[in-house]
Amino acid sequence: MFGTCIENVRRLVPLVHNITNYVTVNDVANVLLACGGSPIMSDELEEVEDITAICAGLNINIGTLNARTIDGMFAAGKKANELCHPVVFDPVGAGASALRTDTALHLTEEIKFTVIRGNISEIKTLAFGNGTTKGVDADVADEVTEENLTESVTFVKRFAQKIGCIIAITGAIDLVSDGKKCYVIRNGRPEMGKITGTGCQLSGMIAAFTAANPKDHFEAAAAAVCTMGLAGEIGFRHMIKGEGNAAYRGRIIDAIYNMNGDILDKGANYEVR
Amino acid sequence: MFGTCIENVRRLVPLVHNITNYVTVNDVANVLLACGGSPIMSDELEEVEDITAICAGLNINIGTLNARTIDGMFAAGKKANELCHPVVFDPVGAGASALRTDTALHLTEEIKFTVIRGNISEIKTLAFGNGTTKGVDADVADEVTEENLTESVTFVKRFAQKIGCIIAITGAIDLVSDGKKCYVIRNGRPEMGKITGTGCQLSGMIAAFTAANPKDHFEAAAAAVCTMGLAGEIGFRHMIKGEGNAAYRGRIIDAIYNMNGDILDKGANYEVR
Amino acid sequence: MFGTCIENVRRLVPLVHNITNYVTVNDVANVLLACGGSPIMSDELEEVEDITAICAGLNINIGTLNARTIDGMFAAGKKANELCHPVVFDPVGAGASALRTDTALHLTEEIKFTVIRGNISEIKTLAFGNGTTKGVDADVADEVTEENLTESVTFVKRFAQKIGCIIAITGAIDLVSDGKKCYVIRNGRPEMGKITGTGCQLSGMIAAFTAANPKDHFEAAAAAVCTMGLAGEIGFRHMIKGEGNAAYRGRIIDAIYNMNGDILDKGANYEVR
């Protein structure tokens, strides 16, 4: 059950090493605290192995990729692989520049990721070697809809199988697959797209959830995806007239802070295909 | 009309490339989303041209200038110039260090900016080659007031004409000039100065507004300045006892999120000189 | 009296130079504005001396330490020492990696700090040359409690005396010592630990408080520690059902924004040992 997954995060307080972008990093840290984990950020080659070694999970995000930190991503990823820590990859903007696409592809070759989470355009870029990512948002033409759901599920299953890790595609409908099964998750609100970084926050949470649930990374990843979507619904219900994306951003994190196993199990809206 | 300008942003959803500081970057991203644009942040020389090429506008901000990203500013600026994208420059802290002053002056020589937005001390630094910027805030002695308004308008018109781009000086009274005319804008609240980054946020918005209004960059820039000032007024009216600059920061972004053409046209408080 | 210390910050508006991490930097800037100071962030070797020279205080924080900015920390620290500006050091994560521990120790050898503020594990790392910091949080085994208070006070006094600067250890009970006396401060709330960066924010405030109170750095540092703890209590009283760490973060900054000498003097909860 998903509820057990978040309860395990609160119980075990996994320390998560984040090599992430400077746009949404503060929200990632606060979301990790909100869900029961503990964040540390470090991107310096000289120390990433030390930091990864004291952590329970690693979260790599290329949202503001730069030459200085790429080496640190490889070093930390390899160290985490050695230590059998879960490693999450968020290929922000893969497809938007050659550097991002190449780095993302190279990382997936060298590092054994536990979960890769992105929007559909980013994941297609990884699958096909190039993409039509519109900046950091998915191309509308790519989006997972009820109409193309069957083929989307087939795509994510095949890609998860081929690349050998859990794939989470988030959007209006979220898909999480381990190559055999696929969680189809319908939590969330469209207004979440008007806040920068809900995807980055989710990737951080996936690292905490998988770190605290070593026996079932697949269920843990899906539970994290559900948690974010459900928090988006709860936060939206708390919105007051005159509020907008700034208030909503805080209300989602607050909903995660107040989430527990019961709330999650009751609010989770998914099917398995 | 200013109202049309923001409606165009909401309709066209311009993707804006930001090379900006790590202090206020998250707010810049959320403001771009709030006004109807879409942000992407990238400062790495290896990819800035790719990123600029998929965007509709570029925003360069030297708030945490460092040697690594200066080359990226030049490369992105030149690429945007080639592609005839609007380019906004925010010379944060020009006058506060030789590096900032020199880089700002050098950028204005090499890049054709569409709009330069700063406080009066930063703009005087660009105009006279040196300044008395008090950190990132304007020197009180420089401030545009009702008393020195005529000479301030003359200064901004002349400097805009000389440098060949739109100049926006923001403070208690905002001035936006294309070298011939000058919008004198009296929206805003003094409490906005107690929030870090309202200037950076505005520069991001100017990039979105000019990108979505290619036929009249001058009106678009003034509309963005009015939008920020009016949002400051609306946000302030929503403040509750016990709140301070943290709440106010969110309330301003939320007011932008809820801004439309009608609200802007009714609330805009300006004259043209 | 502590109240006078914050009133001096509001009256003198000290400009504080921050070389700090990109996780909590925005909050540090807003807290500096909230308490009456003015922030500027700069970490580039080429300009840090210029920036420090126009400021009244310096705040060095190693929360996302990287090779590029270490040289800037030394250069700015030496310049501030030359100018007799107060310099605050926040050894975030000292003990979590060799790079952080070594850099922190080296900084304390080369720079004359006015105040070093950290959690107990970080300070023990500085005192003993190695530590058991759990990421960026204190090791539970190290925590200052009523049970070990006498020996903790002895430790902080001895270390302050040995290293020759004011030491502030913050946690459930805060200790601030100049080597002779020790403020034992019991303001604050345990929920503050669920927000990223309250420690970083406090270090920024200590820089502002010491800069604005040159005659008594010790009292100024303790006043800043009390201000943060008391703001944590006031902010917590303003919390509404459904809110969590995101709202709390804003409410604390807002409480600082609304703090004055009277509120601080009435709410300060401390003894001197």
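Guide: Contact here means heavy atoms within 4.5 Å. The model is a predicted one. By that rule, chain C brings 30 residues to the contact, and chain A brings 30 residues too.

Next comes area. Interface size is often expressed as the accessible area lost when the parts come together. Between chain C and chain A, about 2,500 Å² is buried. Carbon and sulfur atoms give 51% of that area. On the chain C side, the residues that lose the most area to chain A are Tyr22(C), Lys194(C) and Asn245(C). Together they account for 23% of what that side buries.

Now the links across the interface. The count of salt bridges between chain C and chain A is one. Its partners are Arg100(C) and Glu47(A). Their closest N and O atoms lie 2.9 Å apart.

H10(C) gives the most, with four residues.

Last, the make-up of the side of chain C that touches chain A. Eleven of its residues are nonpolar and eleven are polar. Eight are charged.

Key
Residues numbered from 1 in each chain as written. Chains lettered and ligands numbered in written order. Predicted model: local features only at pLDDT ≥ 70, side-chain atom pairs only at ≥ 80, totals over all residues. Heavy atoms only, no water. Buried area = accessible area lost by both parts, 1.4 Å probe. Salt bridge = Lys/Arg side-chain N within 4 Å of Asp/Glu carboxyl O. Helix = DSSP H or I, 4+ residues; strand = E, 2+ residues; numbered from the N terminus. Nonpolar A, V, L, I, M, F, W, Y, C, P; charged D, E, K, R; others polar.
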